[in-house]
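Visitor: Could you walk me through this one? I'd like to start with what counts as touching.

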Amino acid sequence: MHKLKDNLLVKVILAIVLGISLGGIIPEAIGRIFMTFNDFFSELLNFLIPLIIVGLIVPSIGRLGQTAGKLLLATVLIAYGSTIFSGLLGYSASMSIFPQLLEHQTGQINLAEKAKEFTPYFSIEFPPLFDVMPALVFSFLFGIGLSRLKDSTFGKFADDFEEIITYLIQNLIIPLLPIFIFGIFLNMSYSGQVVTIMNVFLKIIGVIFVLHVFLLVLQFTIAGIIAKKNPFSMMKLMLPAYFTALGTQSSAATIPVTIAQVKKIGVRDEIANFAVPLCATIHLSGSMLKIVCCCLALMLIQGMEIDFVQFLGFMMMLGIAMVAAPGVPGGAIMAAIGIIASMLGFNAENQALMIALYIAMDSFGTAGNVTGDGAIAVTLNKLFKK
């Protein structure tokens, strides 16, 4: 029962249900209190996002470079390629399915324009120290430079800063997210838009679950062809890792189980011990699939312009930025939300919906990431034979 109360998904679902239920009956004075909180939290989130990017990406890239060699390069390229491919799969499927599936919602609502809404009592603005793109460029350049240094003072500072950022995510941002999401759905219920949004939510979740299963079958089919193994037998052996990830919502927490199951498939110890922990950080195909599909669905229902070239650039940046995702529930979306805002133009309401949608499917995305790591390990085991 204690674990249930601490589960982020449970809190988010409760926040959504309460927001929908109370939106039509809550006094305006109380509704405005929650909008004041949401306005402050949105400013705080915008302030922290560039710092989150720097704090998580710099040490992540720095640590990658300290393990040089062909195996590292191959693992990074395969993991990144798999992540981008899953984004392209999500884009193709979404653009084929969602226009028909969401035809009655497409263009009907605009979250930036509401007939009526709660307004905050006051606003406090504290702009970020720097924007998202400078944060990304700085992180990549300094991360690469840091990877060439050994036992540097800057490296120790980067590790400490990473711990601070991770602490803030775990103990400040994540705990306050349900209140923020409650306020968003409270306002949507008050403005009369919540029925459309919830209808969209259910359709998106169903499509993404089917795509996750298809992606895993495809990944293990490719690995099976390369390694000359039965893909479904391998997937069966990976089920303990899949269900562990469902429960923990953390790739990092599932690493011991993933390593054990990968070894049962026949992957050598040295490959399993190297590839699984690394892929837990850099291989986020399930997360990419979720984010791409959710972004496209929200853009379609609001009649926003969708350009493939722009979206491809977004996916390529997202595949790198999510390397910063810590092993905590909702980590990937927190690392990605800055790029979603800057490259796709998502406002605070859209960002909150993205976070809610992502967390609602966080277990399945994490399970997809972890299980796909097994397919990569099998591939590397064949490519780097003794």
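Guide: Happy to: contact means heavy atoms within 4.5 Å. This is a predicted model, where local features need pLDDT of at least 70, side-chain atom pairs count only at pLDDT 80 or more, and totals for chains, interfaces and linings use all residues. Residues are numbered from 1 along each chain as its sequence is written, and side-chain values use heavy atoms, with hydrogens and water left out.

Visitor: So what is Ile291 in contact with, leaving aside neighbours within four places in sequence?

Guide: Its partners are Phe314, Leu318, Met322, Ile333, Ala336, Ile340, Met354 and Tyr358.

Visitor: Which residues have the most contacts inside the largest nonpolar core?

Guide: Ile291, Phe311, Phe314, Ile340 and Met354, in a core of 85 residues. A nonpolar core is a set of buried Ala, Val, Leu, Ile, Met, Phe, Trp, Tyr and Cys residues joined through side-chain atoms within 4.5 Å. Buried means under 20% relative accessible area (1.4 Å probe, protein chains only).

Visitor: Switching to helices: how many residues of α16 are buried?

Guide: 19 of its 22, so α16 is largely enclosed by the rest of the structure. Helices here are DSSP runs (H or I, at least four residues), numbered from the N terminus.

Visitor: And where is the kink in α6?

Guide: At Leu177, shortly before Pro178, with a bend of about 35 degrees. That bend is the angle between axes fitted to the seven residues ending there and the seven starting there.

Visitor: What follows α6?

Guide: Gly192, with a positive phi near 85 degrees. The helix itself covers residues 153-191.

Conventions
Helix = DSSP H or I, 4+ residues; strand = E, 2+ residues; numbered from the N terminus. Expected span 1.5 Å × (residues − 1). Buried < 20%, exposed > 50% of the residue type's maximum accessible area, 1.4 Å probe, protein only.
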